[in-house]
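Subject: Structure handover

Hello,

Here is the structure I said I would pass on. Please look it over before reading my notes below.

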Amino acid sequence: MKKRAITRRDFLRVAAMSPFAGAFACGSKKQEKKKAARRAKVVLIRDKNALISFKKPNPRVIQKMLDDSITTLLGEADPVSAWKKLVKPSDIVGIKSNVWGPIPTTREVEQTLKARIMDAGVAEENIGIDDRGVRRNRIFKNATVIINARPARTHHWSGMGGCIKNPIMFVPWPPAYHGDSCADLATLWYKHNLKERTKLNVLLMLNPQFHGIGPHNYSDKYVWEYKGILVSQDPVAVDAMGVLILQAKRREYFGEDRPLQPPAKHIYLADTRHNLGVSDPDKIELIKLGWEEGILI
Amino acid sequence: MRKASCVAIIIFYVGVLSLFAHKEAYKEQNINKKRSKIFFYYVQLEGARIMEDTSKDDKIALGDLLPQEIHGWQATGKDEIYDPQTIFDYIDGAGEVYRSYNFKQLLARRFTKEGSPDIVADLFDMETSRDAFGVFTHDLEGEDAGVGQGSTYNGGLLSFWKDRFFVSLYSEEETEDARKTLYALGKKVASSIKKEGKKPDIVFLLPSENLIEKSAHYFHNHLILNYHFYVSDENILLLNQQTEAALGIYRENDEKSYILLVRYPEIGKASQAYKSFVQSYMPDAAELGLVQTEDLKWTAAKLHQDFIIIILNAPSRFLAKETIEKVEKRIGQI
């Protein structure tokens, strides 16, 4: 039987999916969703001193933000105990970073993560930090645990570059995932055994990009100092919250609802088609910590 | 002609080699043999097409259109050249946009000046002026820069089109000095492109009344349509690189609506696409080609010779029908 096309009208039937404007709808959601009642937890932490200057994180504050958010996420009193829930001394740990020039993960964030992984007992020689070289990197080839950390930004072809998209460098030829605006990015998590291995997703909202222009899809004009970090064990939930913040910023900046171009439907499909995580905001417990001014959600 | 033949042979073998290089990726995505075969034929056709163009285009080398120095910024490093297969190495997913407009070659040159942000000049040879215009309409935000045949400046990015070229000049940081330099560089590049190109006729068929300024987009395929106005995950309008489409955004009394015009290579294909659209997008239409959608707006579609005219998000049934008639009349006047 021929697959039914999913149209804009399907989307219009549900207002609940508004973060993924233009994406998909309840009708298809009911058909495609296999597991009901899944829930996810996301922690949003903000600190007005998170940046020393534009794009330059304050390492001391970043350390505290990551410690506070991860202990809250995992329900532990101190950061080392929390990290011990994620890694054990025998693990080989790859910190999947993002080196994109205008807004990278940053050394400050990478080193903070690495320090805590070492505090949890993992030997330094068993920890790697990489982005574009993960396919050749010995640590990543043998990694038992992946920590997925990258900034949030709008993306020319997938709508949003977030935690679901970050492991694209595990793929031999990333453009193979470009079909239908990267609709099925979530499949790479299964093909490269990332779902089980990725223990933590860190979506940096320190200076996120809410709009892109030109072939390089970037201008400082569309980046703002939100000074936040989202953490979750669920890559879909963390991206879904990221999209809500980007959409809210777009509404504030443009003075009208301007859906991401193209819609970041891969986030919604990662849930409904691929069961990678939870995208429905109603099923995500969002815990907000720290600075509230300009929080947007 | 001999040179052109050599180019064709080289392109053919590069294509075959890239098939092997991407074998692993195709395996991963479960792309079957049939698709690989299509790609193989595509490589052959592309080779033949480029052979024809190369003989035609020998006279213009992209690098000659750019200066080596501008306002103290010096060209640094080697020029980088990309084609539709390698563009992802340079601009990742954004490469799909230029591929959607049949781009042939991209030259990237970096300019540096101590204490100032780098400037990156990207020159796209789009092969035809309609595609140079089209790719320019993909991103129209910003002020008119008065460069080339159409231009915008926005946040450190100056882009324009002229003849069959689309040019993007980008400063990695926006400073007053860099902004002035981008304008000067734009004017210099535009003046080195001697010819002017023609805009695609279909764009002139969009009614101008209530058309939002800088909102008319020209394109070929459904990926770009979905970028500007999400219609469907499937290609229900049967768009491809041979179809021409124009999308205009209209505002009247704070209500936004869209007119989409598509021209097919022949009437039969237009008719087939019309049926596909009506079946997928308005299966519940009480009247052929007219439906009220879930947001209480109206969508109307009509087949007119080799065109499909669609109005989306019309505030009323009356306006939807009236707009269709208006566009039909304009087509009739061609």
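What follows is a summary of what was found, arranged by chain and region.

The model is a predicted one. Local features are described only where pLDDT is at least 70.

Chain B overall

Chain B has 10 helices and 13 strands. Of its 334 residues, 43% count as buried. Taking the contacts in chain B between residues at least 6 apart in sequence, 60% join residues at least 24 apart.

The six-stranded sheet of chain B

Six strands of chain B form an open sheet, and their order is β8-β9-β10-β13-β12-β11. The pairing in this sheet is antiparallel. The edges are taken by β8 (217–219) and β11 (290–292) of chain B; each has a single partner strand, so one side of each is left without a neighbour in the sheet. From one strand to the next the twist averages 15 degrees.

Within the sheet, strand β10 (residues 255–263) of chain B pairs with strand β13 (residues 307–314) of chain B over six bridges, in the antiparallel sense.

Helix α9 (residues 267–281) of chain B touches β12 (298–304) and β13 of chain B, and the direction of α9 makes about 160 degrees with that of β12(B). Helix α10 (residues 317–332) of chain B touches β10, β11, β12 and β13 of chain B. The direction of α10 in chain B makes about 150 degrees with that of β13(B).

The loop between β12 and β13 of chain B holds B:Gln305. B:Gln305 is not a glycine, yet its phi is positive, at about 55 degrees. B:Gln305 counts as partly exposed because it has 14 C-beta neighbours inside 10 Å.

Strand β4 (residues 119–125) of chain B is mostly covered, with six of its seven residues buried. Strand β3 (residues 105–112) of chain B pairs with β4(B) in the antiparallel sense over seven bridges. B:Arg110 has B:Val120 in β4(B) as its bridge partner. The hairpin of β3(B) and β4(B) has six residues between the strands, and B:Gly115 in this hairpin takes a positive phi near 80 degrees.

β4(B) also pairs with strand β7 (residues 165–171) of chain B, again antiparallel and over seven bridges. Here B:Val120 stands opposite B:Tyr170 in β7(B).

B:Asp163 lies in the loop between β6 (157–162) and β7 of chain B. Its phi is near 55 degrees, a positive value in a residue other than glycine. B:Asp163 has 21 C-beta neighbours inside 10 Å, so it counts as buried. The cut-off applied is 20 or more.

Helices α10 and α11 of chain A

In chain A, the axes of helix α10 (residues 235–254) and helix α11 (residues 265–272) come within 10 Å and cross at roughly 150 degrees. That angle makes α10(A) roughly antiparallel to α11(A). The crossing is left-handed. On the α10(A) side the contact is made by A:Val236, A:Asp239, A:Ala240 and A:Val243, and on the α11(A) side by A:Ile267, A:Ala270 and A:Asp271. By type, the residues of this contact are five nonpolar, no polar and two charged.

The loop between α10 and α11 of chain A contains A:Pro262. The peptide bond from A:Gln261 to A:Pro262 is cis, and its omega is near -10 degrees.

The contact between the chains

The contact takes 35 residues from chain A and 36 residues from chain B. On the chain A side, α1 (8–12) and α7 (179–182) each supply at least two residues. α1(A) gives the most to that side, with three residues. The residues of chain A that touch chain B divide into 16 nonpolar, 12 polar and seven charged.

Regards

Methods
Residues numbered from 1 in each chain as written. Chains lettered and ligands numbered in written order. Predicted model: local features only at pLDDT ≥ 70, side-chain atom pairs only at ≥ 80, totals over all residues. Axes fitted to C-alpha atoms, helices over the stretch in contact; angles between N-to-C directions. Helix = DSSP H or I, 4+ residues; strand = E, 2+ residues; numbered from the N terminus. Parallel < 35°, antiparallel > 145°, perpendicular 65-115°, else oblique. Left-handed = near helix turned anticlockwise from the far one by under 90°. Contact = placed C-beta atoms within 7 Å. Nonpolar A, V, L, I, M, F, W, Y, C, P; charged D, E, K, R; others polar. Pairing = 2+ DSSP bridges. Buried ≥ 20, exposed ≤ 12 C-beta atoms within 10 Å, placed from the backbone.
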